[in-house]
Amino acid sequence: MHELTIITNIFSIIDEIAEENQLTKITRVTLKIGELRHVYPEMLQNAFEIVSKDTKAENAVLHIKPIRVKMRCKHCGHEFFVNNSYCCKKCGDYRLKIIEGDEIIIETLEGDR
Ligand SMILES: [Zn+2]
């Protein structure tokens, strides 16, 4: 279950942020997740509940925002959002570079001191 791995990794960062900001409780976490991660929001939610148990983030609200996949064509430099086909919409080349869409970002973290 790769959602659990993602959440576990995120929690080590959440812990650090909470520590730095002297938060005693985390109430809300907003994550931005690239669509290339192929994450299921429901499974992510479940994983969050499991991992957050007995931590500062127990019962926190998890908010997930998807990041669309954006590619740049290595041939002509055209940048575009990917829908179904993984080829350049301008010249048809398949050699593409991912610009956005494979990242996992903690956008906001809210809590109490
Ligand atoms: Zn192109």
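Cys73 is buried in this predicted model, with a relative accessible area of 2%, where buried means under 20% relative accessible area, exposed over 50% and partly exposed in between, for a 1.4 Å probe and protein chains only. Cys76, by contrast, counts as partly exposed because its relative accessibility is 38%. Because the model is predicted, local features need pLDDT of at least 70 and side-chain atom pairs count only at pLDDT 80 or more, while totals for chains, interfaces and linings use all residues. Residues are numbered from 1 along each chain as its sequence is written, and side-chain values use heavy atoms, with hydrogens and water left out.

Cys73 and Cys76 each contribute an SG atom to the zinc ion, as do Cys88 and Cys91, and these protein donors lie 2.3 Å from the ion. Donors are N, O and S atoms within 2.8 Å of the metal (3.2 Å for Na, K and Ca), and since water is not among the atoms, sites may look incomplete. The angles among the four donor atoms run from 106 to 114 degrees, and the site is tetrahedral, a term applied to four donors if all angles lie between 85 and 135 degrees. Along the sequence, the donor residues follow the spacing C-x2-C-x11-C-x2-C.

Strand S3, which covers residues 70-73, pairs with S4 in the antiparallel sense over three bridges, and within this pairing Glu79 in S4 is the bridge partner of Arg72. Strands (E, at least two residues) and helices (H or I, at least four) are DSSP runs numbered from the N terminus, and two strands pair if DSSP finds at least two bridges between them.

A search of the whole structure finds one aromatic pair, formed by Phe11 and Phe48, which is tilted, with 5.5 Å from centre to centre and 50 degrees between the planes. Rings of Phe, Tyr and Trp (its six-membered ring) pair if their centres lie within 6.5 Å, and planes under 30 degrees apart count as stacked, over 60 as edge-to-face and the rest as tilted. The pair links distant parts of the chain, with Phe11 in helix H1 (residues 2-20) and Phe48 in helix H2, 37 residues apart, and both residues are buried. Helix H2 (residues 41-52) also holds Ser52, which counts as buried because its relative accessibility is 2%. Residues up to four places away in sequence aside, Ser52 touches Phe11, Ala57 and Glu58, contact meaning heavy atoms within 4.5 Å.

Notes. Tetrahedral: all angles 85-135°; square planar, octahedral: opposite > 155°, others 65-115°.
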